[in-house]
Amino acid sequence: MPAVTPTTVSSSEGSGGQPAVTRRSSWAEAAAVADAAEEPPAESLELTTEPVEPPLDNAADYPSSRRDVRDTARVAMADSPLPDFISSPGLFVKEQKPRPLGGFRGAVYAMTGGAWNMGPGARQREEDELALRISRQLQGSFNTAVLSLKGGIGKTSTTVGVGLTLAEFRGDPPCAIDANPDSGDLVERALGEGIYQQASPRTITDLLSNIDSVDSLTALSRYMHHAGRFHLIAGEQDPEVSDSLTAAEYLRIRKLVSSYYSVALTDCGTGVTHNAMSGILQSADNLIIAAGYAVSGAKRARSTLQWLAHHGYEDLARNAIVVITDKDEVSSRVDKDAIEEHLSGICRQLIAVPHDRGVADGDLVTLDVLRPETRRAYKEIAASIVDGYV
């Protein structure tokens with residue numbers, strides 16, 4: 001069969017006056033023309049955004065349109081956003097009970113390798129709560145003054161015990177200032193007499209003499225002593241100058257300390273009328289009033305609170321923490337409950353420190369040798385102090 005080759009006939013009119021058919025010289029061009037003729041109009045290729053409506057058995061049971069469904073879902077998601085691992089990680093992880101320490105619960109936990117976790121008991125939960133109160137973050141610097149009208153009733157031992165407790169639980173180290181005008185022994189009680197004698201003898205007087213050159217914590221640390229994370233400024237030991245600290249000088253020390261420490265304790269010595277006392281009370285955020293179970297100690301504690309209330313320090317008196325230390329282990333003739341009741345109504349909180357040889361000997365105070373009841377009392381005092389800051 002002879003090959004048929006398309007030819008192009010080009011004419012303005014065909015037979016009968018109709019337009020002539022244009023024949024292409026290429027089969028490819030002819031196919032392209034045919035394909036183009038079969039394509040739908042451009043507008044018919046646009047995809048509609050409206051979904052096809054499903055058949056409804058009962059139109060009353062459905063929204064009027066799919067648009068209503070989308071709008072309803074959009075509002076529901078806006079009102080209740082889906083949780084995710086970043087904003088709500090606790091929704092995807094089961095809460096784990098704290099590990100019980102000691103006692104029957106701790107024994108069961110240890111014997112079962114943690115398979116049976118009964119959680120901590122009431123005592124441990126109370127201890128954990130105290131730790132949280134002590135360790136809370138503070139905005140600013142705060143100062144607690146520890147004072148009494150009578151010596152030898154646990155004022156300095158309370159300062160050391162509470163300071164060491166704050167250092168144990170807080171992320172930032174506390175500082176203590178020995179402002180006792182009678183050759184205070186705060187640092188000796190925290191470090192031990194032997195270590196203190198071997199250490200640098202710098203005191204609060206030395207710091208005052210060079211205070212203008214102290215412009216960093218490193219510079220300040222040269223005038224301080226360190227019982228672990230508990231930092232202390234020693235009182236003046238020379239009797240001829242120990243009572244020379246003025247209110248203005250104390251305020252300079254306090255201002256410097258406030259730049260680097262969020263919690264400070266001030267051991268005020270005996271009495272409330274010595275030279276530095278007005279500066280101490282002016283800068284104090286709360287007070288610890290040291291007392292004893294002896295009748296005279298309780299009376300002096302009450303007198304201290306009354307003096308404060310009558311000399312412009314009503315808030316300090318009302319928010320004071322009275323600490324009764326059973327230092328001398330008084331006889332059964334003393335009604336301890338009556339003394340506590342006598343003092344508890346005129347202060348924010350009253351806390352009793354039981355008799356403990358680690359406190360009563362008047363020497364080094366370390367938490368490791370104290371009875372659990374004594375350590376618990378110091379925790380309660382520390383927590384109450386921080387409560388007063390917030």
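Start at the largest pocket: select Gly152, Lys155, Thr156, Asn180 and Asp185, which lie nearest its centre among 17 lining residues. A pocket here is an open set of points on a 1 Å grid over the protein atoms alone, where a 1.4 Å probe fits, with protein on both sides within 12 Å along at least five of seven lines; lining residues have an atom within 4 Å of a point. The model is predicted: local features need pLDDT of at least 70, side-chain atom pairs count only at pLDDT 80 or more, and totals for chains, interfaces and linings use all residues. Residues are numbered from 1 along each chain as its sequence is written, and side-chain values use heavy atoms, with hydrogens and water left out.

The volume of this pocket is about 190 Å³, taken as the space filled by probe spheres set on the grid points, which are joined across faces, edges and corners. Colour the lining by class: one residue is nonpolar, 10 are polar and six are charged. Nonpolar covers Ala, Val, Leu, Ile, Met, Phe, Trp, Tyr, Cys and Pro; charged covers Asp, Glu, Lys and Arg; the others, Gly among them, are polar.

Next select residues 155–169, helix H5, which gives the most to the pocket lining, with three residues. Helices (H or I, at least four residues) and strands (E, at least two) are DSSP runs numbered from the N terminus; the protein chain has 16 helices and eight strands.

Move to Tyr250 in helix H10, residues 247–258. Tyr250 is buried, at 0% relative accessible area; buried means under 20%, exposed over 50% and partly exposed in between, with a 1.4 Å probe and protein chains only. Show its contacts (heavy atoms within 4.5 Å): beyond four places in sequence, Tyr250 touches Asn143, Ile177, Ala179, Leu245, Thr266, Ala276, Gly279, Ile280 and Ser283. Draw a distance from the C-alpha of Tyr250 to that of Met277, 27 residues apart along the chain, and find 8.8 Å.

Then go to helix H16, residues 372–387, whose 16 residues reach 22 Å from first C-alpha to last. That is close to the expected 22 Å, the expected span being 1.5 Å times one less than the number of residues. Its buried residues include Thr374, Arg376, Tyr378 and Ile385.

Stop at Lys379 in H16. Is Lys379 buried or exposed? Lys379 counts as buried because its relative accessibility is 16%. Outside four places in sequence, Lys379 is in contact with Glu127, Leu130, Ile134, Thr165 and Phe169.

Finally, select the whole chain: buried residues make up 38% of its 390 residues.
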